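Subject: Structure for you to look at

Hello,

Here is the structure I promised to pass on. Please open it alongside this message, and I will go through what turned up.

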Amino acid sequence: MRGTLRWARADLRARPSQALLTLGVVAGVVAALVLSTMLLQGAVNPWQQLFARTHGADVLIYFQNGTNTSELSSLPGVRQVGRPYEAASATLEQGPVQSPVELRGMTPVPPAMSTPLIVAGTWLRSSEQDGAVIEASFAAAVHVGVGDKIVVDGIDGTSVPMRVIGIADTADQGFYPQWTPGLIWVQHGLLTAVEPHQSETQEVVGLRLDDASTVATGQVVQTIWNLYNGPTENSAVLRYSTWQQVQNSMASNDRLLGLLLALFGVIALVAAPCAIANVTAGSVLMQRQDIGMLKALGFTPGQVVGMLLAEQTALGAAGAGFGLVAARIMTSSAFVRPPDGTPVGLAPLSGSWVALIGGGAVLTVAIATIIPAWRAGQVSPVAAVQPTPPRGHLSLIARLGLLVRLPPALVLGARDSLTRRLPSALTVVGLAIPMAMITIALICWSTIDGFTRDPGRIGLAAAVTVTPGGGLDTARTLNLISHDHQVLAYYPGAEFDTLLPGDNGTFIARAVGYSSRPYPFQTVQGRMFDAPNEAVAGQGFLTLMHIGVGAWISPTIDGVPVILHIVGRTIEPDNNGDVLDFGLDALSDAGGGGPQLFYALVLKPGVSPAAARATLLAASRDELDVQLVANPADGLEVVKVVIVVAVAVLAVIGLANLLTAAAVGQRDHLHEVGVLKALGLTPRQVTATLVVNTTILTAIGVASGTVAGLVIAPRLINMQGQTSGIGSGIAASLPAATVVEILAIALAIATTAALFLARRTTRMSDSAHLRSPNRPSPPRRHALDNVNSLRTR
Amino acid sequence: MRQPLLALLAKEPAHGYELKLALEATFGQAYPSPNIGQIYVTLKRLEQDGLVCSQDVEQTTRPNKRVYELTPAGREALRAWVEEPSDGPRIRDEFFIKLILAPMAGIADRIALMNAQRRHYLGLMRKLTDLQADADRADTAARLLIEGAVLHLQADLDWLERCQEELV
Amino acid sequence: MSRSERYLPCLPGGADTACLLRARQLVKVYRADGVAVEALRGIDLDLAVGEFVAIMGPSGSGKSTLLHVLGGLEPATTGEIWLRGRRVDGLSRSGWAILRRRHVGFVFQFFNLLSNMTVADNVELPALLAGASPRQARKRREELLAELGIADKAGAAPARLSGGEQQRVALARALANEPSLLLADEPTGNLDSSNTRDVLRLLRRVHDGGQAILMVTHDARVASLADRVINLFDGMVADDATIVPLPRSLNGVGDVLELRG
């Protein structure tokens, strides 16, 4: 044991760069994993962080006003009872649009439980009695910002103007519109103005429980229900919500994020062990003789394996520790909020996640070390004292190369990379895997970027929809639209929630445009409909119905039975792809009535949807209902951050592999270099030989990795598209120029690193290469062979 | 014995006993101690060959002594001897003759012959290394002589190895 | 009385305690590219406690292989090996490793110091491996280095030492656990004559200290120090002879050598 420790200590001291490499790779991977997990977890499940940051309530109970709630605190399982707040139902009036609202009466001092988390503006102030703070997702849905004036109507019709002074997040309820009503916090005076009858208001009490598990929460709720709603008609508990309901509501069903999380897990699982195995295998290769000597001195094979395993695992643990600290520092102040207003906070990961990532990284290091360590255990003690026979020979190709008088440096370098098989394979694989991962990450980026830059590609040609309403009839609406110079084209349409045959779910039947002039759907399979009895569908719909393109279906849409021939599949980001599209004439031919129309507006290139919306609203004096079309990519901005982090870490891993390979090569080459120089190759030729060697391997590794990435990425993304209902065909490809750029950059970095190392090797004094009593030098002989064959050419 | 005496006389004239002492001082242990009669016989022969000449010197308390001096012919002979190249020891080797002839005669087999010779060489080597260990460090001539003998012996052993490889 | 007479002959049967090392019918066959090469072809060998035996023979005669097999660096193909009265040829690699720690020291032609470790660490490692406390290991190392005249090199890296110094460190490392058997493979093969003399002096001291030495060498000077010289030829023992120095009566150099007059 002591001997082992002594050796490990000496080893670390003798080769600090190797140790730092392992440390850096592990730290980088761990930090990237923590960061990605936090970001993606935040995107997939924002509730956890909101709950923690707002000191949320486990259960919210709505009581009839005047109920005596003092008994709550003595109930079994209840740990803490929040201050009761007055709440009133109301309506937010915005022209023709009315949104349901819950007003909650608050004081300028924010509550200790369920503290709203201000993300813009300020909390309520006594100096601004007409101030209101709006829940963030609601504010985003109704397009209200800080400083806007809003009007809230009470149930009896009283209109009360308010001024938005703040926007806040809360874990009390889910995001609007999945969760209604929208939430507005106001001061008591304002609440009374909207709802003067105190009997119409409710009292909201938040509870924190000793045990917040689903079962325990249910029991507490049941107890309260039984206690207050007894057998009498008089029900004091009006309704309640639990944290589980809120969490479910907030949980994103965006499986793309889930896939990305898995993808980066795979990257970590494949690339990191590869890099670590490479580093360890490299150090074993470099230390064969010393390890043989250790065994001659009396180290058992088990001790050698244990020693390497312990050394690398300790390095891995240290690296994981550094990584966790680095991630902590990087995220301590950051708070990322994508433009659509979905809160994606960065809350510290739970202990189990940290343990999983840290422990997983250390375990990975250990597993990656096992094979090289086992090999080291098998090293014969005789290896210490017997030179290994020369490896490799001049291949036919090399001889041919010399015959046609290629530069010797090129031939020798190439020969070396092709005959030293194990180190060469390590180098190639070590570069190919990170390179493939980088390519996949970049294609993900390119795909997401394509969603934003060209929404038409995913079937979102229209950026704005307009619904006539209020004082504007269809003719005037049409008039407004057709005269707006920002609008390129418009398509009338209607949407119906329609029952699936067998009554086991619904899908959206959507009529947009006419069969003679259809909406520009993105058809990826089959063709666009061009007859009234034809339709196209999203992948989700086809999967639900277990049908393919070419099938005939007969749904009942808006009460009218229709027979449709599905002639194509579209990219369909809405409603998990459970959408059937056809022309308006299909309905009218079948005898359908005139449903409420909307207009899908395709804007001219370069026009921002928000600007177009503002123009239309102004032109109609706020009478039109103008909605921006949600783009699924908006929620994926966070993924771009993850991709940048991942690419950086992968680049580090690739570089680490390259440096390891170069270091191993350098050891093997030291003797050779001296001989080559002694035989008359100029230092420049020697450097060129070494650089050619590394560059050829890099080129093979980088090229094969990129090709693998280009092949795998679209499959992965399309697989994801298919399962999420959007449908395959969404993956963007990398432009050829970008691919060439990536290859060039990778090769340039590799060649620079190789040049640096080769120059160092070449510059070492000649005698150092040739006089090496400690190392009988195997390569010397075949170096001589080569040069002899150069001469006898 | 002739050439060493000529060389010593080239330095300065001397009588027989002086020459014995000079020989011992020059070669130390490396040279077997010469007996005085042998020196006188050799000097007489040199004088007959005209390489040295001599004259009696009277002494008061002791008998006359004869002092020898180098003649020009003697100086010439000395120069010729120094300039003539010397053969190494392994020009004709008795062991080699035995090794080749013994199996023919059916007297001994070669392996036994070589083993016996090797044992002899190693015994000799042990003696030399012991002598080397005991040798007076100041006695340069003796040390160099031993060193040379050791190297010759090593060569003999190497050569024995070659014989073994070729003949067995 | 010649030196070899101090040793009792090894008695038949492996369990003889006066016999430190005994090998019977050792065979080692290497297989390379389907061709079997017999490196050792039935070697018998006895080494008494404290005996100094040299192994000579032309290159390729199996000298180094014999040493490796006897030290367990590689397994014998067939044959028996007894060390300190115990049969050891069936030991696993781990078993051999543990045996080497305490009882067998190795010295090689190319010194084979652990390049990552300082001189002090190289010498202390075997002691630590055998379970000595760091303090004991340091004490032993200081003694050994002082004895070998390189106490001032303790903190140096092996690569900075001369060949002679490196071989002295290797010797110190081999002797760290006072093994009863020292196996040396051409220990002077890479040294000039003055360093060779120094190493020989040290080996003689080790021998006088009662440790047995089995040494492969090409150098007759080195071999002549041994009590016995075994000559290997083509994987077999060609000769096994006690060295008999010339009679005592021959004293001065002049008696041993005859200048051609």
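A definition to begin with: a nonpolar core here is a set of buried Ala, Val, Leu, Ile, Met, Phe, Trp, Tyr and Cys residues joined through C-beta atoms within 7 Å. Please keep in mind that this is a predicted model.

By that definition, the largest nonpolar core has 240 residues. The residues with the most contacts inside that core are A:Val30, A:Val34, A:Leu601, C:Ile55 and C:Leu214. If you centre the view on A:Val34 and ignore its neighbours within four places in sequence, you will find A:Val34 in contact with A:Gly323, A:Leu324, A:Ala327, A:Leu349 and A:Ile357. There is also a second, separate core, with 55 residues, including A:Val59, A:Leu103, A:Ala139 and A:Val204. As general background, nonpolar side chains in soluble globular proteins tend to be buried together.

Next, chain A as a whole. Chain A contains 23 helices and 24 strands, and 46% of its 793 residues count as buried. Among contacts in chain A with a separation of 6 or more, 83% are between residues 24 or more positions apart.

Chain C meets chain A through 31 residues of its own, which are in contact with 25 residues of chain A. On the chain C side, α2 (93–103) and α3 (119–129) each supply at least two residues. That side is made up of 17 nonpolar, seven polar and seven charged residues.

Chain C also has a helix pair worth a look. The axes of α5 (residues 163–175) and α6 (residues 193–208) of chain C come within 9 Å and cross at roughly 15°. An angle under 35 degrees counts as roughly parallel, so α5(C) is roughly parallel to α6(C). Their crossing is right-handed. From α5(C), the contact uses C:Gly163, C:Gly164, C:Gln167, C:Leu171 and C:Leu175; from α6(C), it uses C:Asn195, C:Asp198, C:Val199, C:Leu202 and C:Val206. By class, that gives five nonpolar, four polar and one charged residues.

Finally, a residue in chain B: is B:Met114 buried or exposed? B:Met114 has 22 C-beta neighbours inside 10 Å, so it counts as buried. B:Met114 sits in helix α6 (residues 110–134) of chain B. Neighbours within four places aside, B:Met114 is in contact with B:Leu160, B:Cys163 and B:Gln164. Of these, B:Gln164 is 50 residues from B:Met114 in sequence, yet the C-alpha atoms of the two are 7.6 Å apart.

Best wishes

Key: Residues are numbered from 1 along each chain as its sequence is written. Chains are lettered from A and ligands numbered from 1 in the order in which they are written. This is a predicted model: local features need pLDDT of at least 70, side-chain atom pairs count only at pLDDT 80 or more; totals for chains, interfaces and linings use all residues. Helices (H or I, at least four residues) and strands (E, at least two) are DSSP runs, numbered from the N terminus. A residue is buried if 20 or more other C-beta atoms lie within 10 Å of its own, exposed if 12 or fewer, and partly exposed in between; C-beta atoms are placed from the backbone. Two residues are in contact if their C-beta atoms, placed from the backbone, lie within 7 Å. Ala, Val, Leu, Ile, Met, Phe, Trp, Tyr, Cys and Pro count as nonpolar, Asp, Glu, Lys and Arg as charged, and the others, Gly among them, as polar. Axes are lines fitted to C-alpha atoms, for helices over the stretch in contact, and angles run from 0 to 180 degrees between N-to-C directions. Angles under 35 degrees count as roughly parallel, over 145 as roughly antiparallel, 65 to 115 as roughly perpendicular and the rest as oblique. A crossing is left-handed if the near helix is turned anticlockwise from the far one by less than a right angle, and right-handed if clockwise.
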